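I opened this notebook to record what I looked up in one structure, entry by entry. The entries follow the order in which I took up each topic.

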Amino acid sequence: MITGKNYIGFELSAKGTKTYRTFNPKENKENEHTFTEATKDEINKAAQLASKAFKQYRTISGNKRATFLNAIADEIEALGDTLVQTYTSESGLPEGRAKGERGRTVGQLRMFAKLIENDAWREPTIDTAIPDRAPAPKPDLRQLQVPIGPIVVFGASNFPLAYSTAGGDTASALAAGCPVIVKSHPMHAGTGELVASAIIKAAKDTGMPEGVFSNLNSSGIEVGQQLVSHPKVKGVGFTGSINGGRALYDLAAKRDEPIPVFAEMGSINPVIITKKALEKRASEIASTYAGSITLGTGQFCTNPGLILTLESDFTSIFIEDLGEKTANIDSYCMLNPNIHSAFNKKGAEVIEQPETTLVAEYKGNVPDNYAKAKVVTAKGDAFLKNPKLHQEVFGPFSLVVQCKDEIQLLKIIENLEGQLTGTIIAEKEEYSSLSEIIESLQDRVGRIIFNGVPTGVEVCDAMTHGGPYPASTDSRFTAVGNHSIKRWVRPFSYQDFPSELLPEVLKS
Ligand code: NAP
């Protein structure tokens, strides 16, 4: 049941006076439930409870924490259709996507549960003493990863389940042994509350300490700012805009005790298509990319917003074909009127530049909040000179750049801001000549896709979802997959400890 209240530890609480509702973009009307924003006192209480819970939670065995994570997954599944209906009414996303994202969310929780069943992920390292080493004896040193403390998670607007309340950041932090306070995303506060109720039930049923999880409502930036500034908070996970992520990163850096902020932000995900690939299969590539540009109404951080080609007749034909195919895909609603208007505004900013040409745009009339997909083109010189062409247009939009030669193509890659992904579309006979492109791209992105599309992020051990700034604030870590747990731990060494005082995993 949705109450519109905050979960402060195990208690539902609504002491504030500021309220708001979520919005159904498909029906263009507000949803029925009213949510109450958390007050300063409630924020402080959640942080104090999390800090207290941390003392106990970090000592709970991996096996027991795994039971907790599996119970969360079970409780989310038990929410059934109520969760699916709330999700679709708050995001406009279709039922199939809701179910797919729910599967991914519970899959991630179970994946982290499996990971922490034994302590191998904590990288136990034993360096035994050499007392008779000359000129100085070597001490006994044993290292283990330990959790850093309470984490604040900002849910993503475009993934109400998989990157939100019980999404990858929350699941990995809880797995690591860190309590979590979620700053619920205002666009899907009802989905967030339902998932929060599943987490609280699982915590109670599996004997976790109160404060291991809290869920705070807010419809403005203040709650998030207070949380990030709170001295009991020790780390932050964020998915969203560059402005939001950067503001929180700066705020965290200015604290008396700076804390890490792992923000996953904007990306235009360059796609490089070689001349030969266009000569051989331009039509097939255009069909595949029209699908990728418009997938989920373009609202993916891995959306292919920039396509880099070399000028040729085949390229001109490809651009026309891509435009037509993209513009012919049915229009669909965006997540929220704000995101829809940002899409229109940022797209118009690119199209208004004298050096760009609008190749094609969805032609039909569309209801409120529905996106008109666009393909735009520009020459390589213009792209190099005009930073406005580098910005993310969040939605079904792609800019095809025509480079005059490979030297210019490489210069463009080298001048790109950090990206989550890069993609190379090439023919087999060209493989031996791709090393410069691969090396330049590797310097700018977290993952290179070969002969595929960037949309679709597999959750597995070898996935890197992150990249040089501004794709993420710390390119050394991934936000997806088992390795994302490393964001919430720090290395700790025991020197010359008696065996009986060492954690079990570090005993000889
Ligand atoms: P957002 O504006 O960055 O907001 C994300 C979360 O951060 C919200 O909960 C928001 O709180 C909070 N926040 C934002 N700025 C803040 C600040 N200065 N201080 C404290 N908290 C702050 O992202 P969004 O609402 O999801 O979507 C807006 C735009 O972000 C989109 O149009 C798109 O351009 C971009 N976006 C990009 C990606 C990507 O993966 N690349 C994903 C999602 C969105 P409140 O809403 O309560 O103010």
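**Second largest pocket**

I began with the lining of the second largest pocket, to which strand 6 gives the most, with four residues. The model I am reading is a predicted one. For the volume of this second largest pocket I noted about 540 Å³. I then asked which residues are the closest to its centre. They are Arg58, Thr59, Arg122, Val146 and Pro147, out of 27 residues in the lining. I also listed the elements that give two or more residues to this lining: helix 2 (62-78), strand 6 (141-147) and strand 19 (489-495). By class, I recorded 13 nonpolar, seven polar and seven charged residues in the lining of the second largest pocket.

**Cavities**

I next looked up how many cavities of 30 Å³ or more the structure holds. The number is three. For the largest cavity I wrote down a volume of about 120 Å³. Its lining has 16 residues, and Ile268, Gly305, Glu392, Val393 and Phe397 are the closest to the centre. I found eight nonpolar, seven polar and one charged residues lining the largest cavity.

The second largest cavity has about 70 Å³ of space.

**Helix 7 against helix 8**

I turned to the pair formed by helix 7 (residues 222-229) and helix 8 (residues 242-254). Their axes come within 9 Å and cross at roughly 35°. Is the crossing left-handed or right-handed? I recorded the crossing of helix 7 and helix 8 as right-handed. On the side of helix 7 the residues in contact are Gly224, Gln225, Val228 and Ser229, and on the side of helix 8 they are Leu248, Leu251 and Ala252. I counted four nonpolar and three polar residues in this contact, and no charged ones.

**Asp368 and Asn28**

I located Asp368 in the loop between strand 14 (357-361) and strand 15 (374-379). I then asked what Asp368 is in contact with, leaving aside its neighbours within four places in sequence. The residues are Pro25 and Asn28. With Asn28 I noted a polar contact between the side chains, at 2.8 Å. I also looked up the separation of Asp368 from Gly467, which lies 99 residues apart from it along the chain, and read 35 Å between the C-alpha atoms.

Asn28 itself I placed in the loop between strand 3 (19-24) and strand 4 (29-36). I looked up its phi and found a value near 55°, which is positive although Asn28 is a residue other than glycine. I set this beside the general rule that most residues other than glycine have a negative phi.

**Cis peptide bonds**

My last entry concerns peptide bonds, most of which are trans. Where did I find cis bonds? One joins Ala134 and Pro135, with omega of about 5°. I placed Pro135 in the loop between strand 5 (125-127) and strand 6. Another cis bond runs from Tyr469 to Pro470, with omega near 10°. Pro470 I found in the loop between strand 18 (445-450) and strand 19. Strand 19 is likewise in my notes as one of the elements that give two or more residues to the second largest pocket.

Notes:
Residues are numbered from 1 along each chain as its sequence is written. This is a predicted model: local features need pLDDT of at least 70, side-chain atom pairs count only at pLDDT 80 or more; totals for chains, interfaces and linings use all residues. Side-chain values use heavy atoms; hydrogens and water are left out. On a 1 Å grid over the protein atoms alone, a cavity is a set of points where a 1.4 Å probe fits but cannot get out, and a pocket is an open set with protein on both sides within 12 Å along at least five of seven lines; lining residues have an atom within 4 Å of a point. Grid points are joined across faces, edges and corners, and a volume is the space filled by probe spheres set on the points. Ala, Val, Leu, Ile, Met, Phe, Trp, Tyr, Cys and Pro count as nonpolar, Asp, Glu, Lys and Arg as charged, and the others, Gly among them, as polar. Axes are lines fitted to C-alpha atoms, for helices over the stretch in contact, and angles run from 0 to 180 degrees between N-to-C directions. A crossing is left-handed if the near helix is turned anticlockwise from the far one by less than a right angle, and right-handed if clockwise. Contact means heavy atoms within 4.5 Å. A polar contact is a pair of N or O atoms within 3.5 Å; within protein, one must be able to donate a hydrogen and the other to accept it, and residues adjacent in sequence count only if both atoms are side-chain atoms.
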